[in-house]
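Please look at the two chains below before reading on. The report takes them up part by part.

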Amino acid sequence: MQLIKPDINIDFIGKRKLALIISLVLILAGFASLVRHGGPHYGIDFAGGTLVQVQFQSQTNATEINTALASVDLGVPIVQRFGEDTNEFLIRVERSTGELQGISMQITETLEQSYGAGQVDVRRVEMVGPQVGKDLRNKGMWAIFYAMLGILAYISWRFEFRFAVGAIIALVHDVVITLGMFSLFGKEIDLPIIAAFLAIIGYSLNDTIIVYDRIRENLGKHNKESFTFILNRSINETLSRTIITSGTTLLVVLSLFVLGGGVIHNFAFAMLVGVLVGTYSSIFVASPLLLLWQKKVAKAA
Amino acid sequence: MSNSLNTRGLVVLFCLLLSLFALVPTLLRGDVPSWWPETFGPIQLGLDLQGGMHLVLGVDVDKAVESRVDTIIDQTDIRLKEQDIIYKRIERRQGDRLVVQVYDEDEGRQVEALMMSEFPALEPATMTGAGGYIEKHFRLSDDEIENIKDYAVRQALETMRNRVDQFGVSEPTLQRQTGNRILIQLPGVADPDRAISLLGKTARLEFKMVDETANIQDAVAGRVPEGSQLLYERSTNRATGVETEIPVVVSNQTVLTGDLLADANVRIDSRFNEPYVSIDFNAVGARRFDQITAANVGRRMAIVLDDTVYSAPVIRERISGGSAQISGSFTSQQATDLAIVLRAGSLPAPVEILENRTVGPSLGQDSIDSGIKSIWVGALLVLMVIIVYYQLSGLIAISALVMNLFFIAAMLSMFGATLTLPGLAGIVLTVGMAVDANVLIFERVREELALGRAPKLAIESGYSKAFSTIIDANLTTLLAALVLFQFGTGPVRGFAVTLSIGIIASLFTAIFVSRFIFDFFLKSRNVKRLSI
């Protein structure tokens, strides 16, 4: 079976102006949302705070839980249903405390008073102090930074410096758009999301390298043709592979997103956005960037 | 060629057998001889999957420095009195500073000489005249402060290890981290709140004489007599459950501490059927307890634990047996826990919880179930697509993929890596990416076939042309994964581990194993048309 005919010839590079507009719109929409919300929406891993996941025996709702918790001084607790049809709730409090008799215990005791002992099952407690939150945030940022540095060095060594720059810009493009989407959809950024961002970097890079690898090969083969021709030809030649791989990866990520359970849901969301944007960027961002570089160098010479 | 085919076949077979061998303890769980899991342990599940507690505790090391200064003050007090040096007062200021107030220069010099010879860790600091007195300032040297802090964290770690051992948790992890942090992981702990209070309790046991001369009302109003302090005795009425707090004024001076304990046990008081903790002093403690009780018959002695008075009984007679009892309105679990912390020793400084992640066992099981389900569904979908698209060659890719998962599991067991929820996600991602290598090869082979090459030749050049692409793509991702492992924490690390292992396994299966299967089938037959 073949989805893409071997002699396919789409003028991808010719659509680079349109691609630029699409990328700009996506980035700006994300930025606007980030500015409106005053930065990324950090989960307790990075912001610090307390999170309690509670399962109730009897039917209840967020309002009832809020009423039950009104007697405890918790600031403004955020109560959310966890998953779709479950009787499970996430209670998030911005405060954290180093004391041994923590906030989670207060919440549990208060809920047991309202709902009765044995009616409340605490499934998960997470408390992150502000200092640890800050440390985790810094560590996450540095991890991403060093990963990018390593990639830059590797590609410069295996390819050329301009390829490395193109790949990194495409990566930043993908991460920025995913970050923006998180903000637009009101999703929280916590530690597993940093892992997802790094997976996106890995994936997008994989995609970009495969196109670049073909460009490198074709540069040797067709040295009489124009650079635009070579770029287009390389993208077309790898198109079949790009679609199959992105397709299968999307299938897997989609199954994570739908079936993976609540804890992994946001992770899968990040991956979903990242794989789509990553595939798009290796065709429409990474390759045209090489052309731009070529033109700049030609002008300077 | 046929020789190399045999060798390659042996390599694949060897890897399969080794993996099977490593996975037996995971698959059979317990039904194997004990040497087996000792060589290759079953795959360890992270706390997020099996349930349990992850705690990061911070040791308040400044308090340890303060209490060291306080000890020096107590000793100085005794030495100065012994040597008849007259002084007005000694006190601690700004945490690590010790100040002795004297009346004239001469005494000042005596004090300084004594301090320097007795406490080499002290450095004389500035000297100021305050209201006609002379103040001699001393501070601990920076080295000494570092030592005290370091020792406090080590001591706290040691004490917590003792407590965890007595609490009975299987395979606990206690580690010192950078700064003054201690990481504690308790898998499958049933009562997280109890674990926290057991681990975090300072358990500083002190015996202090009650200041009978003090006026309780004045003290509660904030006018505590000099040299004394106001503490509270907490008790719960067993019938009504009402908690009451009774103020007690005690002397600042501690006559005896829990450091001199030899043992602590729970006993039941037969009169009220109430549990209490019986403590036994060691030889030194017993002698001192004997002296103190002898000298203070008729007075009250407060038993203070972490600045709360548990009881303040009147000393009826001299007690020379070296044992005493702490009663309070305990439940039997409270009494048991108190005995544990007293036996394990006190923490050198208070601790606070910096991070706490607790996952109940039921949630962990749910996570495993849905994680495994999503892997199956994802893998099945990929399987269908690949077989429909590449037909028989797709089948080869699929067998490589299945082996890939098998190798990943085996490597997790061999390296003793821990499988976490993000780790599962990493495996799912590898499933997607492992297919990519085969897709790259197959697309190349198709290109070669389109150029009119024979199947064998097409496969050979397809593999060799795709090789550098696959290596470049996978190595960069591996690079990112390794950086993640180095700089990441917790969940990020779990993800990096399975991603790295997955990349290595998929490089092997996609390039080496699938090629072997192709060559094996094409060896004898003269295939005209490749099913790809």
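## Basis and confidence

This is a predicted model, in which local features need pLDDT of at least 70 and side-chain atom pairs count only at pLDDT 80 or more, while totals for chains, interfaces and linings use all residues. Residues are numbered from 1 along each chain as its sequence is written, and chains are lettered from A and ligands numbered from 1 in the order in which they are written.

The score pLDDT is the predictor's confidence in each residue, from 0 to 100. Its average over chain A is 85, and 97% of the residues there score at least 70. Helices (H or I, at least four residues) and strands (E, at least two) are DSSP runs, numbered from the N terminus. Among the elements of chain A, the highest mean pLDDT, 93, belongs to helix 1 (residues 16–36) of chain A, and the lowest, 82, to helix 5 (residues 130–158) of chain A. Where pLDDT is low, the predicted coordinates should not be read in detail.

## Domains

Domain bounds come from an automatic or database domain assignment. In chain A, domain 1 covers 13–43 + 132–300 and domain 2 covers 49–128. The C-alpha centres of these two domains of chain A are 39 Å apart.

Chain B has domain 1 (2–51 + 360–522), domain 2 (62–139) and domain 3 (201–357). Between the C-alpha centres of domain 1 of chain B and domain 3 of chain B there are 61 Å.

## Where the chains touch

How many residues does the contact take from chain A and from chain B? Chain A gives 56 residues and chain B gives 63 residues, where two residues are in contact if their C-beta atoms, placed from the backbone, lie within 7 Å. On the side of chain A that touches chain B, two or more residues each come from strand 4 (120–128), helix 5, helix 7 (191–221), helix 8 (227–259) and helix 9 (262–300) of chain A. Helix 7 of chain A gives the most, with 13 residues.

By class, this side of chain A has 34 nonpolar, 15 polar and seven charged residues. Here Ala, Val, Leu, Ile, Met, Phe, Trp, Tyr, Cys and Pro count as nonpolar, Asp, Glu, Lys and Arg as charged, and the others, Gly among them, as polar.

## A sheet across both chains

Two strands pair if DSSP finds at least two bridges between them. Eight strands make up an open sheet with antiparallel pairing, in the order 2(A)-3(A)-1(A)-4(A)-17(B)-2(B)-8(B)-7(B). Strand 2 (78–81) of chain A and strand 7 (173–176) of chain B stand at the edges with a single partner strand each, so one side of each is left without a neighbour in the sheet. From one strand to the next, the twist averages 20°; axes are lines fitted to C-alpha atoms, for helices over the stretch in contact, and angles run from 0 to 180 degrees between N-to-C directions.

Strand 4 of chain A is joined to strand 17 (residues 351–359) of chain B by five bridges, and the two run antiparallel. There, V128(A) is opposite E355(B) in strand 17 of chain B. Within chain B, seven bridges link the antiparallel strand 2 (residues 52–59) and strand 8 (residues 181–187) of chain B, and L55(B) is opposite I184(B) in strand 8 of chain B.

## Other strands of chain B

A closed barrel of five strands in chain B runs 9-11-10-15-14, with mixed pairing. Neighbouring strands of this sheet are turned by 55° against each other on average, direction ignored. Strand 10 (residues 228–236) and strand 15 (residues 308–311) of chain B pair in the parallel sense over two bridges, with E233(B) opposite V309(B) in strand 15 of chain B.

Strand 4 (residues 97–102) and strand 6 (residues 133–140) of chain B are antiparallel and share six bridges. The bridge partner of V102(B) in strand 6 of chain B is I134(B). Six of the eight residues of strand 6 of chain B are buried; a residue is buried if 20 or more other C-beta atoms lie within 10 Å of its own, exposed if 12 or fewer, and partly exposed in between, with C-beta atoms placed from the backbone.

## Single residues

D84(B) has a phi near 55°, a positive value in a residue other than glycine. D84(B) lies in the loop between helix 4 (61–82) and strand 3 (89–93) of chain B, and is exposed, with 7 other C-beta atoms within 10 Å. D306(B), in the loop between strand 14 (301–305) and strand 15 of chain B, has a positive phi near 45° and counts as partly exposed with 15 C-beta neighbours inside 10 Å.
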